[in-house]
Amino acid sequence: MIFANHAHLMPVEINPNGTYDLLVKYMDEVGLDKVVAFAPFDSYLKDIDAPEKNPNLYMHAMIKDNPDIVGFGVVDFTRDDLE
């Protein structure tokens, strides 16, 4: 089994090479069984028309039906409600 530990998921408006569909395609093409995918940072989602502005929920919506992609969330340390 080949488990890659670093991939990024991005809305197409941010990075057309970082979409869910391309990640799945690349996994197939190079023979990756599983990958860890990082959520985009908060700042990446602020100015685009994304259905979900929370990066971790955005990533979850992308990967929830694919057991071969493990999500790695992000924390926005600029928030004042981290408690």
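A: Contact here means heavy atoms within 4.5 Å. This is a predicted model, in which local features need pLDDT of at least 70, side-chain atom pairs count only at pLDDT 80 or more, and totals for chains, interfaces and linings use all residues. Residues are numbered from 1 along each chain as its sequence is written, and side-chain values use heavy atoms, with hydrogens and water left out.

Leaving aside residues up to four places away in sequence, Ala-37 touches Ala-7, Leu-9, Leu-23, Met-59, Ile-69, Val-70, Gly-71 and Phe-72. Ala-37 belongs to the largest nonpolar core, which has 11 residues in all: Ala-7, Leu-9, Leu-23, Met-27, Val-35, Ala-37, Ala-39, Met-59, Ile-63, Ile-69 and Val-74. At least two residues of this core come from each of helix H1 (20-30), strand S2 (34-38) and helix H3 (55-63). Such a core is a set of buried Ala, Val, Leu, Ile, Met, Phe, Trp, Tyr and Cys residues joined through side-chain atoms within 4.5 Å; buried means under 20% relative accessible area, exposed over 50%, and partly exposed in between (1.4 Å probe, protein chains only). Helices (H or I, at least four residues) and strands (E, at least two) are DSSP runs, numbered from the N terminus.

Lys-34 pairs with Asp-68, with 3.6 Å between the closest N and O atoms. This pair links distant parts of the chain, 34 residues apart: Lys-34 lies in strand S2, Asp-68 in the loop between H3 and strand S3 (69-72). Asp-68 is partly exposed, at 31% relative accessible area.

Terms used:
A salt bridge is a side-chain nitrogen of Lys or Arg within 4 Å of a carboxyl oxygen of Asp or Glu.
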